[in-house]
There are 2 protein chains.
Amino acid sequence: MEQVKVLLEEREIPRQWYNILADMPTPMNPPLHPGTGQPVGPGDLAPIFPMNLIEQEVTTERWIDIPEEVLEKYLLWRPTPLYRARNFEKLLDAPVRIYYKNEGVSPPGSHKPNTAVAQAYYNKVFGIKRLSTETGAGQWGSALSMACRMFGLECRVFMVKVSYEQKPYRRLMMMTWGADCIPSPSDRTEMGRKILAERPDSPGSLGIAISEAIEDVVGDETARYSLGSVLNHVLLHQTIIGLEAQKQLEKIGEYPDVVMGCAGGGSNFSGLSFPFVRDKIHGKDISVVAVEPTSCPTLTRGPFAYDFGDTARTTPLLAMYTLGHDFVPAPIHAGGLRYHGMAPIVSHLVKEQIIEARAFDQIEAFEAGVKWARTEGFISAPETNHAIAAVVQEAERAKEEGKERVILFNWSGHGLVDLSAYDAYLSGKLTQFELPEEEIQRALKSIDGLPKP
Amino acid sequence: MEQVKVLLEEREIPRQWYNILADMPTPMNPPLHPGTGQPVGPGDLAPIFPMNLIEQEVTTERWIDIPEEVLEKYLLWRPTPLYRARNFEKLLDAPVRIYYKNEGVSPPGSHKPNTAVAQAYYNKVFGIKRLSTETGAGQWGSALSMACRMFGLECRVFMVKVSYEQKPYRRLMMMTWGADCIPSPSDRTEMGRKILAERPDSPGSLGIAISEAIEDVVGDETARYSLGSVLNHVLLHQTIIGLEAQKQLEKIGEYPDVVMGCAGGGSNFSGLSFPFVRDKIHGKDISVVAVEPTSCPTLTRGPFAYDFGDTARTTPLLAMYTLGHDFVPAPIHAGGLRYHGMAPIVSHLVKEQIIEARAFDQIEAFEAGVKWARTEGFISAPETNHAIAAVVQEAERAKEEGKERVILFNWSGHGLVDLSAYDAYLSGKLTQFELPEEEIQRALKSIDGLPKP
């Protein structure tokens with residue numbers, strides 16, 4: 001009986017998050033105030049985030065203690081198992097050993113609660129009573145709903161209307177956890193009312209939902225906004241994934257040659273990879289690969305530039321790879337990968353050639369995902385299938401080169417409430433996707449005139 | 001940081017299933033051939049089941065070795081964690097310690113693969129190429145689809161048509177695992193064609209689907225039928241749950257006063273409880289409680305009688321608690337609990353007063369389930385919510401009596417693809433259910449004239 005899972009006991013759970021800002025080889029471009037063009041200070045963010053999280057956003061301390069109250073909630077599903085994908089390896093018949101972190105064991109089924117629980121806790125400690133956020137497909141909204149309930153906070157989720165109507169299951173999760181889930185655009189905000197007046201049947205967008213969620217808290221001293229990816233403190237909270245993986249691999253005397261994860265805003269990828277990126281910065285010879293969809297190829301086809309985090313141009317300017325905040329990705333099913341930008345830290349590391357990026361088509365992703373389900377059993381989230389496609393490619397390369405490789409990737413979540421995407425694939429309704437260069441150039445016009453990094 | 005989960009390493013997984021037939025204090029009534037009224041022999045079952053499983057159905061060996069190939073597949077999600085429900089305990093504020101086995105970590109999200117994997121393996125070894133089965137809500141069909149794929153068997157699932165149409169997610173799971181999922185009644189069988197001729201818009205029933213699945217294999221030497229509950233060998237395979245739980249509780253020096261599980265056909269309940277029932281038979285002072293819905297109160301309101309296992313009167317006669325094979329349960333959302341009978345072993349143990357039974361209304365079940373989701377995080381299957389309602393009642397009793405109790409129950413699966421039931425509850429569409437005695441008496445007419453135990 002060969003070992004499949006490497007477990008950690010609860011007492012072995014990491015007690016600190018890892019902050020990669022402490023190990024950055026070159027300085028990062030600061031976020032800028034869109035009005036003044038000057039670096040934003042903590043005070044600029046105070047109406048939106050609580051000060052304890054703003055401090056985490058900017059600190060360069062290498063290790064941040066995980067509060068006891070957060071650890072207690074983490075234990076409901078953490079440490080997560082590290083798996084060896086032995087059945088998938090057999091299918092690929094390549095000289096690779098494939099390990100993955102199973103983040104699908106959390107209650108909402110993804111990595112998102114790692115930061116949701118932490119953010120709810122810090123807001124609670126800061127005296128906040130209510131959090132507001134936006135959600136597209138609903139992974140983030142459901143995770144924050146659960147986390148808020150655990151710490152006794154109210155939670156309001158502005159969900160892109162078309163998803164609200166087409167993806168009832170995630171909305172129902174939020175309801176079950178007691179959150180207020182509102183289709184966006186809504187009549188709860190000025191921004192929403194304005195859009196509804198212009199176009200009553202607007203399907204909504206992530207950009208609109210972000211604007212509504214921010215407007216919803218600004219001026220309310222007891223409410224704050226919460227974001228599920230992109231920002232430094234969000235990535236920080238996710239590093240527990242990689243820190244656990246390092247302990248688990250050490251137990252079996254392994255170390256990866258390649259570390260992979262799918263990347264939309266960048267949080268699950270960062271969570272697994274940053275502790276390994278640290279080793280790479282300090283001389284370890286490994287590849288670290290961010291995997292994105294060809295329909296939203298931020299890292300592989302966008303420029304490194306200052307851009308807004310949202311479509312409505314309300315956030316500070318972030319230095320990142322971007323397709324322009326006007327970029328509207330095709331409606332592929334991996335909702336979590338449809339973001340025009342990329343986390344500034346991930347972007348910086350790609351620019352410095354410490355991390356590389358690869359893009360995969362949704363057809364390749366689902367092809368890999370169905371093979372995965374039929375060997376490993378677990379049905380992956382559409383986002384996660386992109387990472388699996390990259391694993392397949394890596395295994396094929398190893399086979400061609402006849403060189404052994406140890407691959408580690410983040411199985412960021414299960415796809416049990418995303419099965420309609422599998423239906424589309426299995427019934428031949430998904431098509432290969434080509435994104436014309438002109439379309440990217442058109443969207444990039446939206447960053448004309450913004451400061452340059 | 002208080003311990004939440006008790007884990008077992010893979011090497012600690014039990015290597016044998018426990019067969020309670022070895023410890024039965026009184027002899028059981030044998031299954032009877034409906035034509036002759038005589039006990040059925042192995043030969044009678046040979047067209048339907050492979051001989052190695054028929055042997056397991058009748059053996060009285062206490063310990064049955066789990067084949068290496070089955071253990072290998074089990075390791076994809078087993079041993080499952082034993083949880084202490086600390087947050088739920090705090091909410092209940094009663095002198096209880098509540099432990100639960102989390103069977104929701106399997107790929108389809110329930111306990112069903114414990115037997116699906118074993119059955120697929122034994123059929124494979126026996127030279128069978130294809131399995132056929134029926135499914136209602138789809139828990140069983142999805143588990144068998146995955147298991148068949150793992151052992152290279154074809155899988156055909158007759159799914160009750162109304163569920164096929166209303167519950168697309170489980171059907172899509174089956175498709176993703178490569179099974180052929182057919183709405184029943186279908187034109188693939190004589191039985192199906194006959195029903196469609198009489199009533200083209202028939203919504204189907206579990207009884208019809210069973211008949212179609214059996215007809216589909218009889219006469220095909222390379223095909224066999226597979227059942228997801230009720231039978232002895234199915235219950236046997238599930239005992240890995242309770243055997244793991246015993247090891248886990250021993251690690252922390254605990255032993256339960258009360259062992260609980262929801263019971264439809266009886267397999268998840270049996271799986272957790274039988275190793276503890278063994279201790280009880282040998283003198284341990286504990287309560288073992290099977291929890292059923294008030295809408296299908298087999299154990300609490302049915303007689304102990306010989307009855308058919310299916311509506312179409314094609315199976316052997318089983319001695320069990322039954323509401324009569326004509327009983328049509330109300331469409332409550334816990335599809336897995338809507339069975340007119342109960343596993344013969346469970347029935348026998350209830351008759352001998354070794355196991356007791358309690359019934360809960362769906363409103364109580366969802367009330368408990370929502371409290372659970374809002375404290376423990378995990379959203380339970382509607383079936384599982386019935387067990388949680390029983391845990392709440394037990395905690396309240398302990399509080400009234402001022403007596404400490406250790407409660408162990410089976411968290412048989414998650415409810416992420418059953419969220420429409422939560423929607424119905426949260427929006428006030430579920431109602432308290434009364435089942436008139438006349439309705440039971442009417443259904444029981446269907447067993448008039450059958451042999452008596």
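**Salt bridges and a helix crossing**

With a relative accessibility of 0%, B:Arg78 counts as buried, because the cut-off for that class is under 20% relative accessible area. This value, like those that follow, comes from a predicted model. The partner of B:Arg78 is B:Glu244, and the side chains of these two residues meet in a salt bridge with an N to O distance of 2.9 Å. The pair links distant parts of the chain, since B:Glu244 sits in helix H12 (residues 240-251) of chain B while B:Arg78 lies in the loop between helix H3 (68-74) and strand E4 (82-84) of chain B, the two being 166 residues apart. B:Glu244 likewise has 0% relative accessibility and counts as buried.

Over all chains, the count comes to 50 salt bridges, and one of these joins the side chains of A:Glu437 and A:Arg301 at 3.1 Å, N to O. Here too the pair links distant parts of the chain, with A:Glu437 in helix H19 (residues 437-444) of chain A and A:Arg301 in helix H14 (residues 298-301) of chain A, 136 residues apart. A:Glu437 is partly exposed, with a relative accessible area of 36%, and A:Arg301 is placed in the partly exposed class at 33%.

A further salt bridge in chain A brings together the side chains of A:Glu356 and A:Arg358, at 3.5 Å from N to O. A:Glu356 counts as partly exposed at 33% relative accessibility, whereas A:Arg358 is buried, with a relative accessible area of 10%. Salt bridges that share partners join A:Glu356 and A:Arg358 with A:Glu394, A:Glu401 and A:Arg405 into one network.

Turning to helix packing in chain A, the axes of helix H16 (residues 362-376) and helix H17 (residues 382-401) of that chain come within 7 Å and cross at roughly 85°. H16(A) is therefore roughly perpendicular to H17(A), because angles of 65 to 115 degrees are assigned to that class. On the side of H16(A), the contact is made by A:Gln362, A:Glu364, A:Ala365, A:Phe366, A:Ala368, A:Gly369 and A:Trp372, and on the side of H17(A) by A:Pro382, A:Asn385, A:His386, A:Ile388, A:Ala389 and A:Val392. Sorted by class, the residues in this contact of H16(A) with H17(A) are 8 nonpolar, 4 polar and 1 charged.

Note on methods
Residues numbered from 1 in each chain as written. Chains lettered and ligands numbered in written order. Predicted model: local features only at pLDDT ≥ 70, side-chain atom pairs only at ≥ 80, totals over all residues. Heavy atoms only, no water. Axes fitted to C-alpha atoms, helices over the stretch in contact; angles between N-to-C directions. Helix = DSSP H or I, 4+ residues; strand = E, 2+ residues; numbered from the N terminus. Parallel < 35°, antiparallel > 145°, perpendicular 65-115°, else oblique. Contact = heavy atoms within 4.5 Å. Nonpolar A, V, L, I, M, F, W, Y, C, P; charged D, E, K, R; others polar. Salt bridge = Lys/Arg side-chain N within 4 Å of Asp/Glu carboxyl O. Buried < 20%, exposed > 50% of the residue type's maximum accessible area, 1.4 Å probe, protein only.
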